[in-house]
Every structure is written in C-alpha cells, then in structure tokens.
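User: I am new to this structure and would like to go through a few of its local features. Could we start with the aromatic rings?

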Amino acid sequence: MFRTHGFSIATCATVTAATTGLLVSPVLGGVSSADTTGDQSPQQLAAQAQGALRKATSVRVRYEDRSATAMNSLTLPTAMNLALDRRGDCMGDLTLGTRGGTVQIIKRGTDVWLKPDTRFWAAELPGDRGAAAAETFRNHYIHGSTSDALFSGIVNVCDLKDFQSAATATLPASLKEGLATTVGGMRVVPLSFEMNGLTSTLYVTTGTPHRLFRAAQKGPGTNLTLTFTDYNVAVSPRIPPASASLDVSKLQDLLRPA
C-alpha cells in the first residue's frame with residue numbers, strides 16, 4: 001500500500017478536533033476573581049462564549065501548535081487558517097510541521113480542491129515521484145469528491161458542527177478570572193484553569209455578545225492556540241476554474257506503485 005497525503009490531512013483533522021474538544025469546553029463551578037465584566041461570573045462568561053460558538057453559522061478558525069513534536073513532524077499540523085460553516089463549506093490553508101509544506105483547501109458541497117506547495121510534495125513523496133507530482137500539479141488544484149479516500153479527512157476539518165459539538169464537553173470545577181487585557185487587538189477577559197500540569201486559558205470578549213476569541217494551552221510538550229473570529233460571516237469559497245484544476249485520478253496514477 002502506498003502512502004498518501006490524504007492520510008496526512010486525516011491526521012490533521014483528528015488532531016484539530018481533539019484539541020478543540022480540550023480547549024473549548026463549558027466549565028462548572030470555580031473561583032471568581034478580578035471581575036471586569038460587571039456582575040458576570042467566570043462561569044457565566046464561559047457559558048455565554050461557548051453558547052455563541054455553538055450558535056454560530058460560520059467562523060474563522062486559526063490553529064497553531066508550536067510544540068516540538070508538531071514542529072518536527074511532516075504530518076501533524078502546526079498552523080491552520082480556515083473559514084468554515086455549518087454546511088461543511090470551507091476555504092483556507094493548513095501547514096504541516098516546519099518541513100511538511102502547506103496545502104490550500106477549498107470545499108463546497110461534496111467537491112474538494114487541494115493545492116499543495118512544492119515543500120509538501122518533497123516531504124510526502126521523496127525523490128522522483130515527489131518532483132513529478134510537484135511538476136504535474138504546478139499552479140493547479142487537485143479536484144475530487146469527499147467520497148474519495150484521499151480526501152477523507154477534509155469532511156471533518158471543514159465542518160463547523162464538529163467544533164461546535166466539542167463545546168459541550170465538561171471540565172473540572174476550577175476556573176479563575178484574570179484582569180481584562182488586549183490580545184490580538186481584541187479586548188478580552190482571560191479565564192484559566194490547570195489540569196495535568198497544563199494551563200488552559202479561554203479569552204472571552206469583554207463586549208457583548210461575549211464570544212470566545214482565543215483558547216490556549218501551555219505546559220510541558222504543549223503549546224497550542226485556537227483563535228475564533230469572523231463569527232457569522234458568510235463563507236463563499238471561490239471555485240477554481242477548470243483550467244486550474246486536475247482530477248484526483250492524476251494523483252492516484254502518480255502514487256501507484258511502479
């Protein structure tokens with residue numbers, strides 16, 4: 001059996017979904033301090049922020065993993081910038097490690113377009129086959145369907161409902177509110193807790209409606225960040241013209257054992 005970039009994309013979807021489930025969860029109980037949003041408790045702020053995420057029709061998700069494990073991997077995602085909605089449409093890009101390359105992603109309905117860069121091909125298919133793939137798909141997208149095995153992971157990573165379902169998980173009753181601050185140009189209140197040697201922080205917007213702007217987790221071997229923006233901004237993927245797309249069967253031919 002040959003190795004395919006589809007397995008890399010599927011791995012990315014799994015890791016991203018798992019991280020979201022860990023960082024974006026309703027918190028029960030806790031300790032309040034430095035209240036900066038009127039009479040709102042940390043628990044109320046967290047509940048409102050996660051409720052806003054669950055109700056969103058679309059959102060832009062920026063994912064970053066700066067851990068040594070991800071940075072040194074060719075298949076784990078270190079960065080993702082993806083606008084996605086509840087219909088499963090999305091557009092953006094995903095980067096694998098520091099040497100795994102970047103893949104542009106477009107999905108509308110059951111159609112998927114992927115555009116890997118040269119570094120991706122060199123990492124995924126070392127040697128002549130990688131060079132051949134890079135040349136074949138230069139300035140072109142790979143076009144296929146969500147039913148194609150190579151694109152199996154795209155279905156999950158592009159579906160906002162998967163992120164929203166993760167916002168129903170529960171965490172220990174330990175939550176502390178910090179002083180309001182500015183993060184990424186957004187005025188937010190940090191809500192943090194510690195578990196298993198890791199510190200997780202939810203950054204909730206001070207203005208109403210209270211929304212989750214960022215979730216971060218740091219500790220030994222862990223350095224993750226998820227940023228949520230463009231709530232309810234319509235996702236309108238721009239479909240590549242036929243002249244800029246090649247059918248996935250072209251890639252399958254290149255991957256087939258000699």
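User: How many aromatic pairs are there?
Analyst: The count comes to two aromatic pairs, where rings of Phe, Tyr and Trp (its six-membered ring) pair if their centres lie within 6.5 Å; planes under 30 degrees apart count as stacked, over 60 as edge-to-face and the rest as tilted. The rings of Phe-120 and Trp-121 are edge-to-face, because their planes stand at 85°, with centres 5.6 Å apart. Trp-121 and Phe-137 are stacked, with ring centres 5.7 Å apart and planes at 15°.

User: What is the model's origin, and how are residues numbered?
Analyst: This is a predicted model, in which local features need pLDDT of at least 70 and side-chain atom pairs count only at pLDDT 80 or more, while totals for chains, interfaces and linings use all residues. Residues are numbered from 1 along each chain as its sequence is written, and side-chain values use heavy atoms, leaving out hydrogens and water.

User: Is Trp-121 buried or exposed?
Analyst: Trp-121 is buried, at 2% relative accessible area; buried means under 20%, exposed over 50%, and partly exposed in between (1.4 Å probe, protein chains only). Phe-137 is also buried, at 3%.

User: Changing topic, which peptide bond is cis?
Analyst: The cis peptide bond joins Thr-208 and Pro-209, with omega about -5°.

User: What is the phi of Asn-139?
Analyst: Phi of Asn-139 is near 65°, a positive value in a residue other than glycine. Asn-139 is exposed, with a relative accessible area of 59%.
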